[in-house]
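Dear colleague,

Please find below the structure that I am handing over to you.

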Amino acid sequence: MDDDVTFAVLGTGGIGRRALDVARHKGGLTPVAACDRNGVAVDHSGLDVDELLDATEGNIASGPEADGDTPATPESDYASDGGLASHASETSSEPRSDGGATAAEGGSVGDDGTASDGVKQAGEDAGIVASAQGEPTETPIDDVIAESDAIDAVLLALPNLEHDFIPRVAERFADADYGGVLVDVLKRSRVIGMLDDRTDRLEDSGITFVCGAGATPGFLTGAAALAAQSFVEVDSVEIWWGVGLKSGYEDNRGTVREDIAHLDGYDIERAREMSESEIEALIDEHGGRLEFRDMEHADDVLLERAGICDAEDVSVGGVLDVRSDEKPTTTTVRVTGTTFDGERGTNTFELDDATSMAANVNGPALGYLKAAVLRNRAGDYGVYGPADVMPSF
Ligand SMILES: NC(=O)c1ccc[n+]([C@@H]2O[C@H](COP(=O)([O-])OP(=O)(O)OC[C@H]3O[C@@H](n4cnc5c(N)ncnc54)[C@H](O)[C@@H]3O)[C@@H](O)[C@H]2O)c1
């Protein structure tokens, strides 16, 4: 890509922080804005990513992390915006999280967001406000939207504990007549329909949206679409993932909480309302390893949308180990089908166990972002999935 791409990251949690990191290794990407629930950082000449990552390491504004016993409620703004963002245009305010977070035991939180013992702590200064570039705000997303004329692309690395949060955020960009790229890494199938419902609105605004563009859905959906090309009839797509998160667990609690909603007997409301100690207890019960079957992952509707197979022929499951960095199982996509000359076969795509979740979500998300910028500049607007677009490198 000849031209430089300016981009923003909404949500600098486990995924958003790594996106900023990975973007340094991709050509032509300049991060100019980032926000989390407490703060925003904007610099149109390029954010200082080193400083921002240092300030937020182990200190993301995620949830009620520090005292561990405060249940997250919609009022505590854990899930995303507590459902209030839909009123943001009326009230022009976004809720601010107190999240029940306090300085962890054993140290007070200093002005620079570090505890007196030098260890970064969550608390009032959690997240981007701990960075010298960060400003506290009650309206982080609106603050980025206000700068969006000078932003080519926005990565939505926001939580998805309210299904319509990301669609509503997209709508707010359209309401501001944003004409650029939006990319999200959402997981749930039902959200895709909510975005499709908004296609006209996004198109009118000149937005090119790539949805479900992380690892699964995302990278693995795209791989399934390629693996299907040998066949004229696809019988099944089986996605089986393994993630080892020991060293990244603290920074990925948002993702872990969302995954818990896929366990038998759990749903998104229940997962959202669990306290940190309840989550710890559940993880303990499973010996640190959670296994998921038949997850509601949007790979199914995204493959159906791309004409590859029926949504019901797609299954997604996997194993998450929060006590080891080794992947508990190899991430594999198996596409079974029949060729034009009547042979039945299975094409398999496998990720090396050495590749981390952070690498497999953020590489593709930024690859899709770059591809979407090319489309956007060519006047191609609307909602696309990861099986419709080939990510750029
Ligand atoms: N598709 C995939 O392969 C894949 C893989 C991993 C994670 N994910 C998804 O990525 C998303 C982010 O996960 P995570 O682990 O980074 O979560 P996280 O909780 O660590 O981070 C979420 C970030 O969003 C910010 N945020 C929340 N509400 C906000 C608001 N109203 N305004 C501004 N910022 C707000 C938080 O402050 C935080 O910085 C989740 O939805 C997760 O499911 C997708």
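Strand β3 (residues 39-42) pairs with strand β4 (residues 135-136) in the antiparallel sense, over two bridges. Strands here are DSSP runs of E with at least two residues, helices are DSSP runs of H or I with at least four, and both are numbered from the N terminus; two strands pair if DSSP finds at least two bridges between them. Within this pairing, V40 stands opposite E135 in β4. V40 is also the bridge partner of C35. Strand β2 (residues 29-35) runs antiparallel to β3, and three bridges join them. With three residues between them, β2 and β3 form a hairpin.

Please note that this is a predicted model, in which local features need pLDDT of at least 70 and side-chain atom pairs count only at pLDDT 80 or more, while totals for chains, interfaces and linings use all residues. Residues are numbered from 1 along each chain as its sequence is written.

The chain is divided into domain 1 (5-215 + 358-384) and domain 2 (219-353), with bounds taken from an automatic or database domain assignment. Where they meet, 31 residues of domain 1 are in contact with 24 residues of domain 2 (contact: C-beta atoms, placed from the backbone, within 7 Å). On the side of domain 1 that touches domain 2, at least two residues come from each of α1, α6 (189-196) and α13 (357-377).

The largest nonpolar core has 105 residues, and V183, A224 and L369 have the most contacts inside it. Such a core is a set of buried Ala, Val, Leu, Ile, Met, Phe, Trp, Tyr and Cys residues joined through C-beta atoms within 7 Å, where buried means that 20 or more other C-beta atoms lie within 10 Å of the residue's own. Helix α13 gives this core its largest share, ten residues. The core lies between the two domains, because both domain 1 and domain 2 give residues to it. Leaving aside neighbours within four places in sequence, L369 is in contact with F7, A153, L155, V181 and V183.

Finally, which residues come nearest to the ligand? Of the 36 residues around it, these are G11, G13, D36, G214 and G254 (a residue is near a molecule if its C-beta atom, placed from the backbone, lies within 6 Å of it). Helices α1 (14-23), α4 (140-146) and α9 (253-260) each give two or more residues to this shell. Both domain 1 and domain 2 contribute at least three residues to the shell.

Yours sincerely,
A colleague

Conventions:
Two residues are in contact if their C-beta atoms, placed from the backbone, lie within 7 Å. A residue is buried if 20 or more other C-beta atoms lie within 10 Å of its own, exposed if 12 or fewer, and partly exposed in between; C-beta atoms are placed from the backbone.
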